[in-house]
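Work through the exercises below with the sequence and the model side by side, trying each task before reading its solution.

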Amino acid sequence: MWGGTDRERAKKLTQLLNQNGFPAELITKGHDEIAGINSKNIANKNRTGKSIQLEISQPLRSAMFHSFTSQGRASSKTQTFYKFTNVLSTFVSTSY
């Protein structure tokens, strides 16, 4: 799920993730308590006041590592991890 105040970019990121096989949805109005749109949210206290807030499910996080422990994650990244982070890196480099 994606929230934040930068709705235009969050929508683009949602589409990009879905196109790459990652289920993603943009939190809509009516879910303000979890949408990351509150001006007091630390993510929105930056120079622009805009943010994209990511909530990654536990099943997706688990799929990113062969060993889903604090110590195991550093050395057990899966192809899912690299695919997901590549999608995010591409998004950041082309959107900002």
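**Exercise 1.** Over the ring of which residue does the charged end of R73 sit?

Solution. The model is a predicted one, in which local features need pLDDT of at least 70 and side-chain atom pairs count only at pLDDT 80 or more, while totals for chains, interfaces and linings use all residues. Residues are numbered from 1 along each chain as its sequence is written, and side-chain values use heavy atoms, with hydrogens and water left out. A charge sits over a ring if NZ of Lys or CZ of Arg is within 6 Å of the ring centre and within 35 degrees of the ring normal. The charged end of R73 meets this rule at the ring of F68, 5.4 Å from its centre. In the case of R9, the ring is that of Y96, with the charged end 4.1 Å from the ring centre.

**Exercise 2.** Find how the rings of F91 and Y96 are paired.

Solution. Rings of Phe, Tyr and Trp (its six-membered ring) pair if their centres lie within 6.5 Å, and planes under 30 degrees apart count as stacked, over 60 as edge-to-face and the rest as tilted. By this rule there are 5 aromatic pairs. For F91 and Y96 the centres are 6.1 Å apart and the planes stand at 80°, so the pair is edge-to-face. Ring pairs also join F65, F68, F81 and Y82 into a cluster.

**Exercise 3.** Decide whether F91 is buried or exposed, and do likewise for Y96.

Solution. Buried means under 20% relative accessible area, exposed over 50%, and partly exposed in between (1.4 Å probe, protein chains only). With 5% relative accessibility F91 is buried, whereas Y96, at 55%, is exposed.
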